[in-house]
Amino acid sequence: MKELNISKNDSGQRIDRFLKKYLSKAPLSFIYKMIRKKNIKLNNSKTTPDTIIYEGDTIQLYLSDETIEKFMEKDQMDKSSLRLNIIYEDENIILINKPVGILSHSANKDYGNNIVDGIVHYLYKKGEYCPRIEKTFTPAICNRLDRNTSGIIIGAKNYETLKLINQAIKDRNIERYYKTIVKGEIKKDGIMEGYLVKDAELNKVEVTLGKKEDSKKITTGIKVIAFSPPYTLLEVQLITGRTHQIRAHLASIGNPIIGDVKYGSKRTNEYFMKKYGLNCQLLHSNKIKFNEIGEPLSYLNDREFTAEPGKKFTQIERELFGL
């Protein structure tokens, strides 16, 4: 018999979901069967798959060591050579200024060279995360940016923070702002609304004014910072957070982001590539603000964090707008 003590990071979830993460190679049918046959108990009593577990609980696994080992992932700490640009850190969150060209999360060909693995390895080296102690939780990010979009990513160091930040983003209690340069003139500030439809096969979206089947409503705020014919420098507020929302929404009104190969102007992109060596879209998540977040993160309320864009963005912004 093996006994698992439930920690703070494992608290507040269904026992079947906890077990599926702990015995990640086991099919759910096996977990349900073991619960039904009382080979898995909670606090030495019979349980059900939907029972919520809490800090201080204990789970008893009446399974052989061979069975447990067979269904568990091997502990490994993915090494990451990524040097994180940390703009803020405390015991709960870590804010990273992600550069262009780096993935937010892992992909096979970039194993270890992404923000998530970088955060995990950084906290492991600091002694703030130990995979041998944690049963199911791994430090995670709460928002994602495209590979060729730079800027602020929010990392959660514990499960409670992850839940609170994710809920705050869903409730729009975290304001997210981006800086971008677009083709053409936008004359006034405003709130844009539309409907977004995703094409999963092409990994591309379409934005329309009218609602379509399977479309989702999007809202994007825009503020004009400067205009230098024929380009406009904008601050964009991501009010709803859909796939490629800012890129596709601006392109749909005839003002594509400079350097955006998916939604932008090929001719304009070629000009910036030739003149500046630009090989990414000029889109940078430069500011976030926390509002109405509950304990234990209420200390973040009304706090604002900013991150500077990379050298290429800064060079183009200065030459075009004199800023």
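**Exercise 1.** Work out how many salt bridges there are, counting a side-chain nitrogen of Lys or Arg within 4 Å of a carboxyl oxygen of Asp or Glu.

*Solution.* Applying that rule gives twelve salt bridges. Keep in mind that this is a predicted model, where local features need pLDDT of at least 70, side-chain atom pairs count only at pLDDT 80 or more, and totals for chains, interfaces and linings use all residues. Residues are numbered from 1 along each chain as its sequence is written, and side-chain values use heavy atoms, with hydrogens and water left out.

**Exercise 2.** Find what lysine 8 pairs with, and say which parts the pair ties together.

*Solution.* Step one: lysine 8 forms a salt bridge with glutamate 160, with the closest N and O atoms 3.8 Å apart. Step two: lysine 8 sits in the loop between strand 1 (2-5) and strand 2 (13-14), and glutamate 160 is in helix 5 (residues 159-170), so the pair ties together parts 152 residues apart in sequence. Helices (H or I, at least four residues) and strands (E, at least two) are DSSP runs, numbered from the N terminus.

**Exercise 3.** Are glutamate 235 and lysine 287 buried or exposed?

*Solution.* First, the pair: these two form a salt bridge, the closest N and O atoms being 3.4 Å apart. Glutamate 235 is in strand 14 and lysine 287 in strand 15 (residues 283-290), so parts 52 residues apart in sequence are tied together. Now the cover: both glutamate 235 and lysine 287 are buried (under 20% relative accessible area; exposed is over 50%, partly exposed in between, with a 1.4 Å probe and protein chains only).
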